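Thanks for coming, everyone. Let me put the structure up, and then we'll walk through it.

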Amino acid sequence: MSSEGPLKVLVYSDDRTTRESVRLALGKRPAADLPEVEYFECATEPAVIKAMDAGGIDLAILDGEAVPAGGLGIARQLKDEIFQCPPVLAIIGRPQDAWLATWSRAEAAVSHPIDPIRLAEAAAELLRTRVSKLPATT
C-alpha cells in the first residue's frame, strides 16, 4: 500500500446533496487501513470525462440517477475508453437495478437512499484493490 498522499475519489451527481452524502459517508478515510481520500466533485458529464482523462483518480463514484447524463452510461463509456480505468462504484435507484450496474461494468453498486455503512464498505474494498495494484514508490 502506498503512503504517498491521499487517494483521489471522483464523485459525480447533478444533485449536490447526493455528492455531500457520499463525502459524509466516506469521511476523510473510508477504512482505518487506507490512506486519507481527497474528493473531486463533478456535476456534469463533461467534467467527469475531463477529470478521468487527466488521470490520477483512484475511484469513481457515479450517480446512476443523475440527469441529463446518468452515471451508469458514463461508467460504461469510461470502461470502453480509458485503458486500465479506475474502479467505478455506481449509485443505483433501487436494488432491482443491479443488472444495470453490471451492464455499465461498475465493480460495485449501492442503492439510493445512500446507506453510509454500505457505501463506505464498498468504496473501501474497491480502494484496497486499487492500492494493491498501484506501483510501489520509494
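Is Gln84 exposed or buried? Keep in mind that this is a predicted model. Gln84 has 61% relative accessibility, and the cut-off for exposed is over 50%, so Gln84 counts as exposed. Gln84 sits in the loop between α3 and β4. Its phi is near 50°, a positive value in a residue other than glycine.

Arg105 also has a positive phi, near 70°. Look for Arg105 in the loop between α4 and β5. Its relative accessibility is 34%, so Arg105 counts as partly exposed.

Now the cis peptide bonds. One joins Val67 and Pro68, with omega about 5°. Pro68 is in the loop between β3 and α3. Another runs from His112 to Pro113, with omega near -10°. Pro113 is in the loop between β5 and α5.

That takes us to α5, residues 116–133. At its start, a side-chain oxygen of Asp115 comes within 2.9 Å of the backbone nitrogen of Ile117. At 1.5 Å a residue, the 18 residues of α5 should span 26 Å, and the end C-alpha atoms are 26 Å apart, which agrees. Buried residues in α5 include Leu119, Ala123, Leu126 and Arg130. What covers the buried residues of α5 includes β1, α1, β2, β3, β4 and β5.

Last, a helix pair. The axes of α2 and α3 come within 11 Å and cross at roughly 25°. The two helices are therefore roughly parallel to each other. The crossing is right-handed. On the α2 side, Glu45, Val48, Ile49 and Met52 meet Ile74, Gln77 and Leu78 of α3.

Definitions and conventions: Residues numbered from 1 in each chain as written. Predicted model: local features only at pLDDT ≥ 70, side-chain atom pairs only at ≥ 80, totals over all residues. Heavy atoms only, no water. Helix = DSSP H or I, 4+ residues; strand = E, 2+ residues; numbered from the N terminus. Expected span 1.5 Å × (residues − 1). Buried < 20%, exposed > 50% of the residue type's maximum accessible area, 1.4 Å probe, protein only. Contact = heavy atoms within 4.5 Å. Polar contact = N/O pair within 3.5 Å; in protein donor to acceptor, adjacent residues only side chain to side chain. Axes fitted to C-alpha atoms, helices over the stretch in contact; angles between N-to-C directions. Parallel < 35°, antiparallel > 145°, perpendicular 65-115°, else oblique. Left-handed = near helix turned anticlockwise from the far one by under 90°.
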